[in-house]
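Here is a short briefing on one protein model. Look at the sequence and the structure first, then work through the points below.

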Amino acid sequence: MNASSPCPPPEIADDAPPVLRRGVRSYVKRGGRTTEAQARAFATWGPRFLLPYRPEPLDLAATFGRDAPTVLEIGFGMGEATAQIAQTLPDTNFLGCEVHEPGVGALLKRIGERGLSNVRIVQHDAVDVLRHMIAPSSLAGVHVFFPDPWHKKRHHKRRLIQPPLVALLASRLAAGGYVHCATDWQPYAEQMLEVLCAEPALRNTAAGYAARPSYRPLTKFEQRGLRLGHGVWDLVFTRL
């Protein structure tokens with residue numbers, strides 16, 4: 001890999017893989033009712049911590065009320081890990097993208113309960129957010145924890161971690177910024193490793209898979225899987 005010639009910020013062409021084109025997503029909106037507590041969190045904390053999607057670059061310093069490193073998390077689920085990491089790293093800003101309303105409500109509830117001030121949420125597709133709301137070279141890191149592995153071969157085109165998306169992620173990272181992916185599905189881990197290694201703007205921090213960084217907590221689901229002998233694979237790459 002050549003550190004002197006990183007890839008320029010990419011434009012997503014009309015013939016890009018389906019996951020980057022409108023109409024085919026890397027997720028399916030799950031069912032699930034927003035609880036009363038989550039609805040209250042929307043009403044109480046949404047005006048402060050929930051950002052509307054707008055196709056224009058965010059001023060991150062203005063958004064968070066301070067100039068600090070910002071990490072984007074794609075698909076935070078119910079926000080358990082996000083809240084723990086934000087509490088552990090108070091000097092870092094965290095911008096979470098999640099499309100599922102109960103998950104957004106759950107994270108808003110955790111933000112209020114823990115008194116967190118370093119988290120903001122965009123309830124919108126992360127690819128659109130990356131393309132239109134995140135300026136090039138502006139992020140300190142990106143977290144992609146346990147994305148849908150789309151197990152069936154005919155659905156692999158829906159997997160999030162694909163070359164054009166990784167190139168887009170790399171373009172949004174500042175020099176020295178990182179991409180941290182984690183999955184509990186070995187075939188997807190193997191694909192992630194192949195795709196990330198092929199991106200010329202990124203460098204692997206390990207000889208293959210990385211040890212779990214201390215900031216990433218074990219979720220209850222992950223702990224149960226480990227007790228049953230299931231594997232978990234972390235990948236951490238940095239921007240040249």
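Buried means under 20% relative accessible area, exposed means over 50%, and partly exposed lies in between (1.4 Å probe, protein chains only). By that rule, Ala-81, Thr-82, Ala-83, Ile-85 and Ala-86 are the buried residues of helix α3. The model is predicted: local features need pLDDT of at least 70, side-chain atom pairs count only at pLDDT 80 or more, and totals for chains, interfaces and linings use all residues. Residues are numbered from 1 along each chain as its sequence is written, and side-chain values use heavy atoms, with hydrogens and water left out.

**Helices α3 and α4**

- Helices (H or I, at least four residues) and strands (E, at least two) are DSSP runs, numbered from the N terminus.
- Helix α3 covers residues 80–88 and helix α4 covers residues 101–114.
- Their axes come within 9 Å and cross at roughly 30°. Axes are lines fitted to C-alpha atoms, for helices over the stretch in contact, and angles run from 0 to 180 degrees between N-to-C directions.
- That angle makes α3 roughly parallel to α4. Angles under 35 degrees count as roughly parallel, over 145 as roughly antiparallel, 65 to 115 as roughly perpendicular and the rest as oblique.
- On the α3 side, the contact (heavy atoms within 4.5 Å) is made by Glu-80, Thr-82, Ala-83, Gln-84 and Gln-87. Leu-107, Arg-110 and Arg-114 make it on the α4 side.
- The buried residues of α3 pack against β2 (70–74), β3 (93–97), α4, β4 (119–122) and β5.

**His-143 in strand β5**

- His-143 sits in strand β5, residues 139–145.
- Is His-143 buried or exposed? His-143 counts as buried, because its relative accessibility is 1%.

**Helix α6**

- Helix α6 (residues 163–172) is mostly covered, with eight of its 10 residues buried.
- Among them are Leu-165, Ser-171 and Arg-172.

**Two positive phi angles**

- Most residues other than glycine have a negative phi.
- Ser-137, not a glycine, has a positive phi of about 60°. Ser-137 lies in the loop between α5 (126–132) and β5.
- Phe-146 is not a glycine either, yet has a positive phi of about 55°. Phe-146 is in the loop between β5 and α6.
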